[in-house]
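Dear colleague,

Please find the structure below, handed over for your study. My notes on what was found in it follow.

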There are 12 protein chains.
Amino acid sequence: MADNVYKKVELVGTSKKSYEEAIQNAITRASKTLRNLDWFEVKEMRGAVSKGKVASYQVVLSIGFRLED
Amino acid sequence: MADNVYKKVELVGTSKKSYEEAIQNAITRASKTLRNLDWFEVKEMRGAVSKGKVASYQVVLSIGFRLED
Amino acid sequence: MADNVYKKVELVGTSKKSYEEAIQNAITRASKTLRNLDWFEVKEMRGAVSKGKVASYQVVLSIGFRLED
Amino acid sequence: MADNVYKKVELVGTSKKSYEEAIQNAITRASKTLRNLDWFEVKEMRGAVSKGKVASYQVVLSIGFRLED
Amino acid sequence: MADNVYKKVELVGTSKKSYEEAIQNAITRASKTLRNLDWFEVKEMRGAVSKGKVASYQVVLSIGFRLED
Amino acid sequence: MADNVYKKVELVGTSKKSYEEAIQNAITRASKTLRNLDWFEVKEMRGAVSKGKVASYQVVLSIGFRLED
Amino acid sequence: MADNVYKKVELVGTSKKSYEEAIQNAITRASKTLRNLDWFEVKEMRGAVSKGKVASYQVVLSIGFRLED
Amino acid sequence: MADNVYKKVELVGTSKKSYEEAIQNAITRASKTLRNLDWFEVKEMRGAVSKGKVASYQVVLSIGFRLED
Amino acid sequence: MADNVYKKVELVGTSKKSYEEAIQNAITRASKTLRNLDWFEVKEMRGAVSKGKVASYQVVLSIGFRLED
Amino acid sequence: MADNVYKKVELVGTSKKSYEEAIQNAITRASKTLRNLDWFEVKEMRGAVSKGKVASYQVVLSIGFRLED
Amino acid sequence: MADNVYKKVELVGTSKKSYEEAIQNAITRASKTLRNLDWFEVKEMRGAVSKGKVASYQVVLSIGFRLED
Amino acid sequence: MADNVYKKVELVGTSKKSYEEAIQNAITRASKTLRNLDWFEVKEMRGAVSKGKVASYQVVLSIGFRLED
C-alpha cells in the first residue's frame, strides 16, 4: 500500500431543518468538483435567527479527500 | 449604515428529543425578553443519562442580538 | 450527602442516521458494563463519506458515572 | 419534566485569602439579584501581587441559573 | 480594601474604519447603561466584505465592570 | 531504566470544603483499585450552588499511573 | 431561499503599516480569483522585526465566500 | 454494516530514542490487554532532561479500539 | 519590498516509517501543483494501528506559499 | 502617564499543603530577583501522588512585572 | 547554514493610541537589552477603560530572537 | 523535602534532519547557561520548505529547570 496524501477543504453547509442536512448539503456540493471524498470533521455549529425562530442551521466542516498521483 | 453594536448572552437549552429542539427552546425563551435576536453559536453539547437512555440533550448557546440606540 | 467520586470514559458512537442516534448507541453500549451512568459531554463530531453521501455520523463522547464505594 | 432553559453569567470574585472564598464572594453577590443559582464553572484564575505577597486571588466564574417561565 | 466582585458582558462592536474604533463604539454603547467599566478583552476579530473591500471590522469584546454593593 | 508506559484515567472528585480535598478524595478512591499512581492534572473546576452557598467543589482530574509489565 | 454552501480559504496578508491594511491586502488579492467574498475571521496576528522596528504586520485570515451552484 | 462503538484510552509511551518508538511502545503495551486497536492520536509531546541530554521522549496518546458486542 | 500575500492549504501526509517522512511526502505532493512553498505548521499527529503495530504515521499540515501577483 | 511595558515569566510553584501556598512560594522566589511584580495568571494545576496521598500541589504561573526604563 | 536556536520572551506593550503602537513600544523596549530580534506573535489583546473611553490598548506579545553561540 | 520552585523558558530548536535533533539542539544550547534542566514540553512544530524539500524542522519548546535558593 502506497503512502497516500490527502487534502482538507473547509466548507460551510446550511439547512433550514437540521445539522445533519446542513452537513449533507456541503458534502453534496463538494462532490460536484472533488473526487475521493473520505471523511469530515465538524469545526463549528452556528445558526441564524429570525422572528424568534431558528432560520438556518450552519455547520463549518473540514472535508478530507485523497489526492490522486 | 450605522456602526451597530451587538450583545451576546449565554443560554442553555434542553430537550428530550434532539439538539435542534434544545436550540429552538433556548431561542424561544430568549425572544420573550430580548428583541433583534440575530444569530447563535453552539458552545457546548452535553446531556443527562437515566437508565441507559439519553434523558435530555443540553446545548450551551451564545446568542447575539443588536442593541438599539 | 457524601462526597461522591465519578469516573469519565471516552467512547465513540456511530450511526448511519443522526448524531442523536450515535450518542444513544454509545450510551447503550456503555450501560452494558457500567452502572450509574450520569451525564455525557460531546467532545468531537466527525463522519465518513462514501459516494457523495454521509456514510456514518461519528461522535466522541466523554461519559461520566458515579463510582460505588 | 419540562425542558428547562438556563442562563449563564460571568462574574469575577476576589478574595485576600483563597480561591474558595473568592468563589463564595461571587456567588453571594450573584444571589442578591438572581434566583435559582444552580452551578458554576471556573474559567480563569489570576491574582494581584504587592510587595512580594499575593494581594488578591481573582477567579472568573461562569454561573448558571434556571430561568423561570 | 474590600473584596470586589466584577461582572463581564460580551459585546460586538463594529466600525467601517478600524478595530480600535470598533472597540470604542462598543465601550461607548456599554457606558450608556453600565457604570464602573474597568477593562476589556478582545475575544474574536472578524469582518464583512463587500465588492472586494472590507465593509466592516467586527470585534467581540468581553467587558468587565465592578458591581456596586 | 526501562521505557515505561503509563495510563491516564479521568476522575471527578467532589468536596464540600475545598478543591484540595476534592482532589484528595479522587486520589483516595483511585488508589483502591489502581497501583503506582504517579501524578495528576487538573482539567476542570466546577461546583454546585444551593441557597446562595457553594454546595460542592468539583474537580475533573486526569490521573497517571505506571503500567506493570 | 436556497440552502447555500460556502467555502473558506486561508490567506496571510502583510503590510508595513497596520493590521487593517494587511487584511485589505489579502482581501484584494483574494477578490482577483474568487467571487462572492462574504466575511473573514482573524486567526492569528504576527509580525517581523528588523533593527528594533516592526518591519511587517502579518495577519492570518479565514475568508468565506458563497459557492455558486 | 453495524453501527460500531469504539472506546478511547489514554496512554503515555516513553523511549530513549524517538517519539516514533515511544508511540510503538505504548501500542505494544496496549495490545497486551486490548483487542481491535484501530487508531491513535498524539495529544502531547514532552520529555525528561538529564545532564544536558534528552533522557526520554514522552508521548501522550489517545488510542481507539472497537468494542465487541 | 512589496506587501506579499500568502495562501495556506491543509494536507495530510502519511508514512509507514516516521512523521518526518510523512511531512516530506505531503510537501512533495504539494510541490507538484503549487509554487513558492515557504513554510509548514504541524496541526495534528495521528496514526493507524494494525496487529499491534503502528501501520502508518499521519500528519496534518498547514502549508504556506506566496501568491504571485 | 507613560506607556508602560511589562514582561511575563513562567514559574512553577510547589507546596505540600495547597495551591494558594504553591502560588505564594513562586511569588516569594520571583521577588528575590525581580522588582515591580504586578499580577499573575494560573496556567496549569498539577500534582504528584505518593502512596495514595497528594504529595505536592504544583501550579504553573505566568507572572507579570513592569520593566523600568 | 548552522542549526540556529531562538529564544522567545513574553512582553506586554501598552499605548493610548492603537495596538500597532503598543506593539512597537514593546519591541522598542525589548531591543534595548536583546539583540537579533526576529519576529513576534500576538497572544492576547486587552485594554483599560476610564470614563467611557479606552484608556489604553494592551497587547501580549511573544517575541523571538536568535541566540548567539 | 523543600517546596521547590521551577522556571520555564521557551526556546526554538531547528535541525535539517529531525524533530528529535531539533529538540536536542535547543537543550544543548540551554544547558550552556542554565543549570538543573529537568523537563521540556513541545509547544509547536513547524518547518521551512525550499525547492520542494523540507529545509528545516523547527520545534518550539518550553523547558523547565529548578531554581536554586
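**Loops, backbone angles and chain arrangement**

I:K51 is found in the loop between β2 (37–50) and β3 (53–66) of chain I. Please bear in mind throughout that the model is predicted.

As a general rule, most residues other than glycine have a negative phi. Is I:K51 buried or exposed? With a relative accessible area of 82%, I:K51 is exposed, because the term applies to values over 50%.

E:N36 belongs to the loop that lies between α1 (19–33) and β2 (37–50) of chain E. Its relative accessible area is 26%, so E:N36 counts as partly exposed.

I turn now to the arrangement of the chains. Chain E can be superposed on chain K by a rotation of 120° with 0.0 Å of shift along the axis, and the RMSD is 0.0 Å. The two copies are therefore related as by a three-fold rotation axis. Which residue of chain E comes closest to the rotation axis? It is E:Y19, whose C-alpha is at 5.3 Å. The copies use different surfaces, in that 15% of the contact residues of chain E recur in chain K.

Some chains do not touch. The nearest C-alpha atoms of chain B and chain I are 22 Å apart, and those of chain F and chain L are 15 Å apart.

With kind regards

Definitions and conventions
Residues numbered from 1 in each chain as written. Chains lettered and ligands numbered in written order. Predicted model: local features only at pLDDT ≥ 70, side-chain atom pairs only at ≥ 80, totals over all residues. Heavy atoms only, no water. Least-squares fit on C-alpha atoms with pLDDT ≥ 70 in both. Contact = heavy atoms within 4.5 Å. Helix = DSSP H or I, 4+ residues; strand = E, 2+ residues; numbered from the N terminus. Buried < 20%, exposed > 50% of the residue type's maximum accessible area, 1.4 Å probe, protein only.
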